Each structure stands twice: as structure tokens, then as C-alpha cells.
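Please walk through the charged side chains of this protein with me. We will go pair by pair.

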Amino acid sequence: MSDKIIFELDGKQVEALPGETIWQVAKRFGTEIPHLCFKDAPDYRPDGNCRACMVEIEGERVLAASCKRVPAVGMKVKAQSERATKAQKMVMELLVADQPSRENSHDPDSEFWHWADALDITQSRFPAAERWTTDSSHPAMRVNLDACIQCGLCVRACREVQVNDVIGMAYRNAAAKIVFDFDDPMGESTCVACGECVQACPTGALMPASLMDDATQKRAVWADRKVDSLCPYCGVGCQVTYQVKNERIVYGEGRDGPANHNRLCVKGRFGFDYIQHPHRLTKPLIRLPNARKDSNDQVDPANPWTHFREATWEEALDFAAGGLKRLRDQHGPKSLAGFGSAKGSNEEAYLFQKLVRTGIGSNNVDHCTRLCHASSVAALMEGLNSGAVTAPFAAALDAEVIIVIGANPAINHPVAATFIKQAAKNGAKLIVIDPRRQLISRHAWRHLAFKPGSDVALLNAMLHTIITEGLTDQQYIAGYTENFEELKAKITEFPPEKM
């Protein structure tokens with residue numbers, strides 16, 4: 001039996017991939033169907049509430065939302081029929097009625113106005129509803145609900161993608177609106193400023209403050225160019241696209257990558273102002289000959305000229321290379337060592353170790369992770385023969401049970417935490433083991449608050465219980481482990497009662 005789903009789209013025979021919607025098939029074959037409440041991005045489910053993507057299906061009385069409808073074999077779909085396009089235009093005209101005029105729009109380049117132009121609907125015959133005033137309470141984002149079409153994308157972004165549960169819909173009928181917590185100002189709510197809602201909003205109702213003129217609440221900044229990069233903060237490895245204006249970053253957008261699926265945290269999206277900080281060094285400096293190297297002799301970052309002078313890159317590189325060469329020649333290659341950074345990319349880490357090993361001739365290469373992860377790396381080496389992680393954070397979505405111990409991911413690695421929270425929301429059992437409750441604990445099936453310093457005893461007791469009660473996977477043990485019998489004998493010394 002064939003699994004192919006062949007149907008007709010605007011008179012052409014097309015084939016749908018398993019699980020594809022009509023909208024996705026149409027996009028793949030070059031047919032544009034308007035959409036506002038659907039975001040073609042990882043982890044966003046279709047909602048079908050804006051009705052801008054309606055199509056006609058032969059034999060059916062009513063039109064169907066193409067973002068949700070899955071095609072069937074032999075189905076005849078008309079995305080550009082007179083009936084379908086009239087419905088799409090009527091929906092857009094109704095939405096335009098409640099929008100600020102194009103010249104007063106908060107973001108005239110928004111997805112909403114793109115589709116309004118595509119359908120040639122920029123004016124409306126219908127009266128406008130009463131709308132809400134500006135909320136400028138948040139330092140990084142602006143809320144202008146007079147542009148809101150209640151598509152629900154920001155709700156899904158906050159509740160289903162980032163799983164922060166801050167944004168929701170409140171009130172009834174014509175008074176329904178998007179709210180933060182209990183209809184609090186955004187800046188006074190529990191918002192963690194991940195900015196996922198800003199990236200998802202199709203109308204400009206939610207905008208980054210860096211692009212706005214606060215006096216008029218209109219967009220005032222457009223990027224000259226975009227630069228794909230990697231977030232410079234933690235080691236999750238989120239991919240980001242920076243919008244650059246006059247050689248200054250004005251906004252960061254999440255880019256789809258294996259570590260982040262378009263998501264960012266507050267630092268990745270908004271934490272770029274340090275680049276323009278007046279204390280940041282933009283030219284090489286060389287220490288003055290008479291400047292002491294003394295830990296008590298602090299340098300004022302606003303006035304480094306008491307200890308340093310400016311130099312060209314050529315002079316500075318020659319000076320540094322000459323100093324390293326002198327030490328190597330006088331004391332041998334082993335007198336030098338290289339210490340890498342977790343903020344570098346894999347490519348930079350490779351080049352750095354090559355510089356030390358090949359350029360200097362020393363195998364003394366280490367990494368700053370040793371300071372905070374030496375114990376875990378040693379345990380991984382001993383237990384798995386690899387000091388690296390064995391799965392990406394997104395693998396949490398495939399797990400039935402997730403244990404978090406010795407970590408606070410919602411604070412230290414917020415994007416990684418989103419996958420754990422999503423898994424818990426989807427039914428996985430999350431167990432948080434920490435003396436203190438943490439943000440992710442509210443998603444936990446169990447929170448084990450052990451006495452500080454007794455974590456090793458707790459883990460030994462868990463091993464004892466798993467082995468003595470026969471909860472092990474014998475086939476896995478036989479195929480992938482060594483010295484299990486030795487562990488089994490040793491663990492008898494650590495019953496839970498004794499621990």
C-alpha cells in the first residue's frame with residue numbers, strides 16, 4: 001500500500017510529505033498563501049485562528065484553514081479561487097480596520113503589512129474598535145496592543161516554546177486582550193525578557209525598544225545589514241542573526257540551529273550593548289616600561305594610559321610573539337602553556353590549540369572549563385570514556401525521565417532549560433535534586449531538597465536501590481558496561497537508611 005499523498009492544488013497534481021499541511025505543501029511548490037497566526041519556524045504549532053489562510057476544498061461546504069488542514073489522497077484544493085481570495089481579503093480588511101494607519105504603524109515593514117500589500121488591502125470600510133495604550137514599562141521591549149490582532153503567536157511563544165507562562169489571553173468577547181501575568185505592565189510582570197514574543201509578533205504590537213522612537217512609538221531604526229553569528233555568552237551554542245546599523249548592533253534574532261531552534265535568552269537577544277561600552281578596548285595596548293605588575297596597583301579602565309600606550313596591530317602582535325619566542329628559546333617549549341575560553345567557537349578552539357602545539361611546540365593546552373567542570377569531566381571520562389556530553393539539550397524532548405542535579409539551567413542556560421520544560425509539559429517526569437527550589441522546580445514531578453553536601457550520599461543510595469531492587473537493564477549492562485559486578489558489590493555499603 002502506497003503512503004504517497006497525491007492531491008490537486010490549483011489544478012496541479014502535487015505530493016504531500018507525511019504530516020505536511022496544505023499550507024506547507026503550497027509553500028514547497030511556490031504558491032503563497034497569506035498567514036498571520038502561523039509561524040513557519042521550529043516548534044510552533046498551527047492555530048488556525050486568524051483565518052487569513054483559508055482555501056477552498058472541492059465538495060466541502062466551508063473553507064478550510066490551510067495551516068491546519070492535512071491533505072488527503074485525491075483532494076482538490078483551490079488556494080487562489082475567487083471564493084478563497086475573497087475570504088482572504090475580507091479577513092485582512094477586518095484586521096486592517098483595527099490597526100493604526102500605515103503611516104502611523106509601529107512597524108510598517110511587519111509581516112502584517114507585507115500580506116496587506118500582497119492582497120492590496122491597506123484601507124478598510126469598517127469602523128475601528130477601541131484599542132489600548134502603549135506600555136513602555138520594560139527596558140528592552142515595547143508593547144502597543146493597538147496593533148494586536150490576537151493571533152496568539154506571542155502566547156504560544158511564551159507558553160509553549162520558551163515555557164515561561166507569562167503571556168495569556170484575558171477577559172471576554174470584545175474586551176479580550178493579551179496580558180502579562182494578571183494584566184500587569186510588562187516591566188512589572190514575571191517576564192524574563194527572552195524576547196521570543198517580539199520575534200514571533202507579526203504586527204509590531206511587540207517590538208524591541210532599540211528599534212523604536214519612544215516619543216512616537218514608531219519604528220525609527222532599520223538595519224543596514226544582517227550578520228549570522230554565535231551567541232558569545234554561555235556554552236549552549238545558540239545561533240543568532242545580528243541586525244547592524246552604522247556598524248552598531250541594534251537587535252539580535254534567534255537563528256535555527258541544533259542547540260536553540262531559533263530561541264534566545266535575554267542576554268543573547270538584548271545583551272549586546274557592551275560592544276559600545278566606552279571602557280571596551282578597540283585598539284591594542286602595550287604596557288609602559290615603567291608600569292609595575294602588581295596586584296595592588298589597579299588600572300582605571302576609564303584611563304588606562306597611566307600603565308599602557310596605544311599600538312598598531314602589527315606592533316602589538318610582533319611584541320607578543322617576540323615575548324613568547326624569547327621565553328620558549330630561553331626556557332624551552334614546556335615553559336609555555338595555552339589557556340582557552342568557553343566563549344570561543346569550536347573553530348577558534350581548534351586554531352588556538354594548533355597555535356600552542358604547532359607554533360610554540362608545547363602540549364600544555366587547557367581550557368577554562370576545568371575550573372568549574374573538572375569533577376564532571378573526570379566522571380564522564382571514567383564512566384563513558386568521553387569528557388564531552390553525549391546528547392544535545394533537545395534530546396530532553398525524547399526522554400521519559402529527566403534528572404537535574406548540580407545545575408540551575410533556567411538561570412545559567414535558559415535556552416537549554418526550555419527543552420527540559422517542554423519535555424515536562426509533554427509528560428516527561430522531571431526530577432530536580434537541589435537543596436534550594438529553583439525556577440525549573442515548578443515544572444518538576446518531584447523536587448528532592450537534600451541536605452547541602454550530601455549529594456554524593458544521595459546518589460549512592462539511589463544506585464543501591466536501583467541495583468538491589470532489580471531496576472537495571474540487564475541487556476544494556478551486558479552490552480555496554482564493564483566491572484558491573486564490582487560496582488554491585490561495592491554499592492551494598494550505601495543503603496538509603498545509612499546514607
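**Salt bridges, pair by pair**

K86 is exposed, and E82 is exposed too. Exposed means over 50% relative accessible area, buried under 20%, and partly exposed in between (1.4 Å probe, protein chains only). These two residues form a salt bridge, with the closest N and O atoms 3.4 Å apart. A salt bridge here is a side-chain nitrogen of Lys or Arg within 4 Å of a carboxyl oxygen of Asp or Glu. Both K86 and E82 sit in helix α2, four residues apart, about one turn of the helix.

The model is predicted: local features need pLDDT of at least 70, side-chain atom pairs count only at pLDDT 80 or more, and totals for chains, interfaces and linings use all residues. Residues are numbered from 1 along each chain as its sequence is written, and side-chain values use heavy atoms, leaving out hydrogens and water.

Now take R83. Its salt-bridge partner is E56, and the closest N and O atoms are 3.9 Å apart. R83 lies in helix α2 (residues 82–97) and E56 in strand β3 (residues 54–57), so the pair ties together parts 27 residues apart in sequence. Helices (H or I, at least four residues) and strands (E, at least two) are DSSP runs, numbered from the N terminus. R83 is partly exposed, at 37% relative accessibility. E56 is buried, at 18%.

Next comes R328. It forms a salt bridge with D329, the closest N and O atoms being 3.6 Å apart. R328 is partly exposed at 26% relative accessible area. D329 is partly exposed at 48% relative accessibility.

Salt bridges also link R45, D47, R156 and E160 in a network. The structure holds 27 salt bridges.
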